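Colleague: I am new to this structure and would like to learn how to read it. Please take me through the contacts between chains and some of the side-chain pairs.

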Amino acid sequence: MQLILNSLASAAILAPAAIGFTLIFMLFHYANFAAGALAMSGAFAAWSANIGFGFPIWASGLFAMATCAALLVLTDRLVFGPLRGRSGGTLLLVAIALSFILENIVRFFYGSQIRSFDLPLTGPTVLWGLRFTPQTLTVIGVSAAATLGIGAILAFTPLGRGLRAVADNATLAAIRGLPVQRIELAAVAMAGALFGLSGTLVGLDLAIEPNLNWALAIPVIAAAVVGGLGSPLGAAFGAVIIGLAEEFTVAFISPPYKGAVGFAVIALVLVLRPQGLFGTAVERK
Amino acid sequence: MKLSRRLLLSGAAIALSAPAYLRMGLAQSAPIVIGSMTPLTGGGGPYGPEKSDAHRAVVAKVNADGGVMGREVVLVSENSETNPEAAVRAARKLIDADGVSAILGTWASSVTLGIMPLCQEADVLQLYSGSSDYLPDADRKGICFNLQPLNRAWAVALADLAVQRGFKEVGFAGPKNDFASSMGESFGESMQKLGGSISGEPFYYNPDQASYRAEAEQLIQLDAPALFIAGYITDFTPMFRELVRGGYTGQIFALSFAVGPEFKTAVGDAANGILHGSPVPPIGKDSYDAYLELVGLTPNGQVQASYGCMAYDEINLCLLGMEAAKSTEAAAVAAEIRKIANGPGDRITTFAEGKALISAATPMNYDGASSSVDFQPNGMLQSRDFALYEIEDGTDTILLTTTSSATE
Amino acid sequence: MESYLVAILTTASVYAILAMALNLQYGLTGLMNFGIVGFFGIGAYASGIVTETLGQPMVVGTLAAMVVAGVAGALISLLSLRLSGDFLAIVTLGFAEAMRLAFNNEDWLTRGPRGFLIMTRPVLDGLSREATPWFILAVFAAATLVTYLLLARLARGPFGRVLRAIREDDLVPATLGKNVLLYRLQVFVLGSAVMALAGSFYAHYIQTITPQNFTTPVAILVWMSVIVGGAGNMAGAVVGALVITFIYEGTRFLAPWLSGLDPTQISSLRFVIIGVLLIAMIRFRPEGILPERVAPSRRDADKSPPPQTRRGTT
């Protein structure tokens, strides 16, 4: 019904970022809280391409993905790389600090006023009693494609296999001759691109402004945790679960507490099934 | 390394504060220091810069024309972060380290109320825009002035405008913040008094969310012929998008500061037909246009910079009050501000005009860019004239006006 | 200028108390508690409600605040028994957010976003206007000192040793017969109560509290205080709070040198500086200004474990 369609649409926006978050966690074993800030930067990058350079929205999205990939690689090199080996908690704190820094760098250059893409706002088509817009379909489609794409890469390509090996045990992978550095670089770039994709999708719905990083970080993490931190596809599914839970809360329980739902779900999952719905028990620092 | 950094910062702080001590001695030729505290980050982020710009533009012009009482006006800007915690510390710095005589520009009522105890204690004037019902009582010394109508006035006015426009049943939705959180009840009561009703219960939602689809869906389910959404631009924009995408075809009522130029750019033609309310003036009024030109905006038939024009009036009144009182002492300045704002006297709209009349000892009446700016004894606006606009092809056309009958 | 410094020191002492509580939980026991502002807020609102709505004196308010927060801490602890590290962080963050939403929406109790006005102050009647801020500072400083003495004592004694052992690897104390979960519970409850103490004092000092006073950035400042000051060292927590407060306030004074930028940019730059400082600190001096002094009889305090070691906590 409409509720499910709406949940899918909300989930579709966050799913790529959740997958990216999971990739980082699989490889480096820390929660990259800056996912929200990176997605927000992606939104601004897409906006700059769309309004500043006049690209159509799909090209702006690609631009955003490229920008965020570069941004994540840069932060990994500068910030997280030297701190490899520290505890997950420390890295979480660093990620939060990074989130602050990114938010304010964006604010420094763009200011606090809201921005939007150059797209018309139209009403829905009604089919079988369901209301949706072409945009909804595109968002869900693109997101699903990205999810399946990543899943395919992980399952079928040498890169994917290498990634899973490195995630499992980096030292062993290196001994076996895998180019760990390059695999990590590719994975980080992929995760960055996913953050950029989410950012572009977010920009379609929300007012683009620097404060977005806080609004996005928690749902993304919630989705990833629910799905299981070892499984990228699980993250996408987790996004759907969170979306459903939120719609449910607003429709039947209490609208203002929608924000707490993400956490409640995380807590439930962590207490009842710590490996998430799809993950295997992941080693954490 | 850390110790010397700390010393450097403390040293810098002390060095910068030294002039404050000096200022106290050389009263006559020392500059007048005024604090501009606006929300540059946080929920009020979209609205802070226009207030800050208005303050700075006026101060620059006044200084170029010879200052106040022949003294230079120094404006110190701080970020309230739309957060009372941070604002209190910023206010402390403004009051104690910079020695300001007035703090202008606070936007969130929680921030204004948060710093009021400090300002009252230090006899620091406050001119601000706020809507909370707590504001009048918190000012014990009569040194605070509010350039925005209170909460209830907005609700009553919008209800009146809706009913006049033929909408007897209107649903209410608002973010849970200090502006809208009690507006639902006032709006409902007003609708009932006018023979209408509110659809269902007031619907409150959280601003700063990743998606508003669920909330919009709830509102669509209400099946109301009209919806009044009392949000700010950051949450109104996505909410409106979701309503349109969800297929809502009823009438949307909003507040003018939520549907400014950035909103119209964001949603394009879909904005046409939105009805929004705002205190009268500004469109077409000479003082409003003068303000726009001063800060580098062009009058374009839209209600823009709704808070900036209030800030323009804040700083004008503050400086005029000081010029008239020939002092920066809060009570004296406040008394002058009342006379200048309320009149009766010759109409003035800028500092320069007022200064001329002060020298000629002629009574005057300041007519502002955001409203006619007449104050009640408690510092709140007297006038509760509101206008209803309709968005047509990217401009705001005025449809009708009303005087809100809400008390205080 | 001196009133400004008095006010800053008063605020810093609130952060010092919060930092010491967090130090107990994270520095000593390795619990990543990001729910600080939840307990801080509970303390503030509970104390406010007890003194304003129920008309009790401030002492009762503070005690009530500590009790309520202690109970909340116990509940959270029970909920998150098996969690550690970043997961505990996320769940406690969720608790803080849920509390903020509750403060915001349950306005029949908390007056919601419009703010809760508190008239009761920690002052003696009849004090002059000039003396009041100093008196308040003295009260806060005394509270900080008492908290420090108590917690430092705790840290030095057998209780503290067990906590540190739990932090390093909770298997060891368990095999030695220590009920690890009970210790975690105690640490949570005690820490929450101390945070609520800070909350109560804070509320009666600033006199208007809104849900926006209790947001994540405050928690981040407390975390920074602990990390920068030195996790595991109580005095470090206090020093850290002072340093962080001075840096936060000190960067305001950079504005005159940055006159080419507009206020929004200056503000953004300040926060970038603060964030970069934190990361630099973690990178170059992770043990903080005052490193934890480990008694020589313990094994080498190696703070950077090799990647393969399975650690649930630090």
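Modeller: What follows takes the interfaces first, then salt bridges, then aromatic pairs.

Modeller: This is a predicted model, so local features need pLDDT of at least 70 and side-chain atom pairs count only at pLDDT 80 or more, while totals for chains, interfaces and linings use all residues. Residues are numbered from 1 along each chain as its sequence is written, chains are lettered from A and ligands numbered from 1 in the order in which they are written, and side-chain values use heavy atoms, with hydrogens and water left out.

Colleague: How many residues of chain C and chain B take part in their contact?

Modeller: Contact means heavy atoms within 4.5 Å. Chain C brings 48 residues and chain B brings 43 residues.

Colleague: What area do chain C and chain B bury between them?

Modeller: The size of an interface is often given as the accessible area lost when the parts come together. Buried area is that loss for two parts, found with a 1.4 Å probe and summed over both. For chain C and chain B the value is about 4,100 Å², with 58% of it on carbon and sulfur atoms. On the chain C side, Met1(C), Arg114(C) and Arg252(C) lose the most area to chain B, together 19% of what that side buries.

Colleague: What is the buried area for chain C and chain A?

Modeller: Chain C and chain A bury about 3,900 Å², 73% of it on carbon and sulfur atoms. Asp86(C), Phe87(C) and Ile90(C) supply 16% of the area that chain C buries there, more than any other three residues.

Colleague: How many salt bridges cross each interface?

Modeller: A salt bridge is a side-chain nitrogen of Lys or Arg within 4 Å of a carboxyl oxygen of Asp or Glu. The rule finds 3 between chain C and chain B, and 0 between chain C and chain A. Lys176(B) sits in the loop between β6 and α7 (183–193) of chain B, and Asp107(C) in helix α5 (residues 107–110) of chain C. Helices (H or I, at least four residues) and strands (E, at least two) are DSSP runs, numbered from the N terminus.

Colleague: Is Lys176(B) buried or exposed?

Modeller: Buried means under 20% relative accessible area, exposed over 50%, and partly exposed in between (1.4 Å probe, protein chains only). Lys176(B) is buried, at 7%, whereas Asp107(C) is partly exposed, at 27%.

Colleague: How many aromatic pairs does the structure hold?

Modeller: Rings of Phe, Tyr and Trp (its six-membered ring) pair if their centres lie within 6.5 Å; planes under 30 degrees apart count as stacked, over 60 as edge-to-face and the rest as tilted. There are 50 such pairs over all chains. One of them is Phe159(C) with Tyr183(C), tilted, with 5.6 Å between centres and 35° between the planes. Phe159(C) lies in helix α7 (residues 158–168) of chain C and Tyr183(C) in helix α9 of chain C, so the pair ties together parts 24 residues apart in sequence. Tyr183(C) is buried, with a relative accessible area of 17%.
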